[in-house]
Amino acid sequence: MKLASLPHGRDGRLVVVSHDLAWCADARHIVPTLQGALDDWARHEPALRALAEDLEHEMIPRLRFHEREATAPLPRAFQWADGSAYVNHVELVRKARGAELPDSFWHDPLMYQGGSDDLRGPREPIVLADEAWGCDMEAEICVVTDDVPQGVSATAALGHVKLIGLVNDVSLRNLIPGELGKGFGFVQSKPATHFSPVFVTPDELGTAWRGGKLNMALHVDLNGQPFGRAEAGEECTFDFGMLIAHLAKTRSVGAGSIIGSGTVSNRDPDGSPGRPVASGGRGYSCIAEQRMIETIAGGTPTTEFLKWGDVVRIEVLDDHHKSVFGAIEGEVVKP
């Protein structure tokens with residue numbers, strides 16, 4: 001089942017979306033918003049699934065689904081927490097700012113809480129006031145939970161994953177060192193986050209969702225050119241069960257909480273940090289990694305961070321080259 005939100009008030013109006021992302025059906029007679037559905041998932045899920053089946057069989061009125069019209073599936077959420085499932089990425093970006101990677105990072109995930117009151121839709125622009133801030137995309141996978149009890153095990157936590165989607169966790173790289181240097185953060189260095197047009201239930205992904213990981217390639221394009229093709233299921237040190245359990249160690253997690261994977265990142269088969277797509281590698285899911293590789297190879301980075309007018313596109317394609325979650329595609333603009 002695929003779910004999305006169209007503009008209506010602060011929290012949107014819930015629609016079910018066809019498998020091919022071409023059609024949608026209004027779900028307000030079942031529950032008005034996606035947050036409302038998650039608040040009582042056990043009651044609303046069967047009715048939403050029945051509606052989705054009727055949509056596929058053209059048994060109910062339907063409307064064309066246009067990704068550009070969708071808001072974030074959850075335009076505001078009770079919680080947005082981003083993890084660090086791909087330690088290769090953490091290691092590279094820490095090297096870029098001259099920081100060592102403690103061994104504990106391979107056993108205990110990092111996680112920060114982002115702003116969840118202003119979550120952006122898939123076609124909303126990336127608003128950047130100052131290019132000197134070092135704007136970067138971070139292409140990620142995310143999950144949405146129902147109510148998760150405190151102290152949940154990593155295995156049991158996977159049963160609380162109700163939806164899966166994509167994220168562009170925009171970062172302002174040149175503001176990060178100053179914030180972290182204070183011993184707190186992130187705040188200013190993490191502006192509004194952008195989400196895929198639809199979130200999908202785990203069964204929608206078939207065998208591609210296993211072990212708490214999305215085993216598919218994450219496509220990242222910059223200005224129409226391939227930038228990243230990282231395999232999300234590989235080198236994922238912490239699966240989503242582990243990330244949720246980490247978050248819930250000392251407190252319960254409310255329904256509608258969004259948990260991110262951190263930037264998807266792969267090494268080359270020989271263990272090297274990876275190569276750009278243009279050089280036959282899988283590329284990168286953020287600019288910071290490419291800049292680090294350039295620094296290792298030549299002593300200085302040559303790829304610039306995002307500038308006004310740049311366009312970032314993030315999506316996942318199935319075996320038939322069809323978009324699974326729809327695409328996040330945003331242009332960097334001045335306020």
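Author: Let us begin with two terms: strands (E, at least two residues) and helices (H or I, at least four) are DSSP runs, numbered from the N terminus, and two strands pair if DSSP finds at least two bridges between them. This is a predicted model, in which local features need pLDDT of at least 70, side-chain atom pairs count only at pLDDT 80 or more, and totals for chains, interfaces and linings use all residues. Residues are numbered from 1 along each chain as its sequence is written, and side-chain values use heavy atoms, with hydrogens and water left out.

Reader: Which residue of β3 is the bridge partner of V17?

Author: That partner is C24. The strands β2 and β3 run antiparallel and are joined by 3 bridges. With β1 (residues 2-6), β2 pairs over 5 bridges, again in the antiparallel sense, and here K2 stands opposite V17.

Reader: Which residues of β2 lie on each side?

Author: In a regular strand the side chains alternate between the two faces of the sheet. In β2, R13, V15 and V17 are on one side, L14 and V16 on the other, and all are buried, where buried means under 20% relative accessible area, exposed over 50%, and partly exposed in between (1.4 Å probe, protein chains only). Since 5 of the 5 residues of β2 are buried, the strand is largely enclosed by the rest of the structure.

Reader: What phi does L21 take in the hairpin of β2 and β3?

Author: In that hairpin, with 5 residues between the strands, L21 takes a positive phi near 65 degrees. At 7% relative accessibility, L21 counts as buried.
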